[in-house]
Amino acid sequence: MSEKKVYVPVEATKFVEFDPKVCTGCPTLEEPRCVKACRMDMLIKNPEHGKPPLVIYSDECCDCGCCVHACPRALQGAIKMNYPISENVRWKDKATGKHYRIGMPNPPPPNQRPPSGGWYPENKEP
Ligand code: SF4
Ligand code: SF4
């Protein structure tokens, strides 16, 4: 019997990144939490047991962050978002406290409040 191979496209962008040292691949679940949460269906379970999901159609990521929020190990770095540079770069005028961002002269400061209900309330690892 021939060995089954899975081919995934080369990622043109890396909006979502996994740390294989932290991500368990959700081995007890039929579908990893982040895969299930992805609204663009661009993640698939890794056929190799215990390895991070595979990213397919990387260009279709809409930066929603649902995959990160669904992961119980996200705060340890299992999965992270790389936001586009226009979202990432910001600076603060120390004198006035005003924030600046590309294409946006005075955006509100970064939102550091936890999501309603707190961080990852339903996603305790089994
Ligand atoms: S939910 Fe977290 S631990 Fe599970 S596969 Fe996704 S990134 Fe890995
Ligand atoms: S950020 Fe949203 S669209 Fe992108 S992989 Fe995560 S859940 Fe899917």
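Leaving aside neighbours within four places in sequence, cysteine 61 is in contact with Phe15, Val16, Met40 and Met42 (contact: C-beta atoms, placed from the backbone, within 7 Å). The model is predicted; local features need pLDDT of at least 70, side-chain atom pairs count only at pLDDT 80 or more, and totals for chains, interfaces and linings use all residues. Residues are numbered from 1 along each chain as its sequence is written, while chains are lettered from A and ligands numbered from 1 in the order in which they are written.

Cysteine 61 lies in the loop between strand S3 (54-55) and H2 (helices are DSSP runs of H or I, at least four residues, and strands runs of E, at least two, numbered from the N terminus). Cysteine 61 is buried because 23 other C-beta atoms lie within 10 Å (buried: 20 or more such atoms, placed from the backbone; exposed: 12 or fewer; partly exposed: in between). Its C-alpha is 9.2 Å from that of lysine 14, 47 residues away in sequence.

Ligand 2 is surrounded by 15 residues (C-beta atom, placed from the backbone, within 6 Å). Cys38, Cys61, Cys64, Cys66 and Cys67 are the closest.

The largest nonpolar core has 17 residues (buried Ala, Val, Leu, Ile, Met, Phe, Trp, Tyr and Cys joined through C-beta atoms within 7 Å). Strand S1 (16-18), helix H1 (33-37) and helix H2 (66-70) each give two or more residues to this core. Cys67 is among the residues with the most contacts inside the core. Beyond four places in sequence, cysteine 67 touches Val16, Cys34, Ala37, Cys38, Leu43 and Ile79.

Methods: Two residues are in contact if their C-beta atoms, placed from the backbone, lie within 7 Å.
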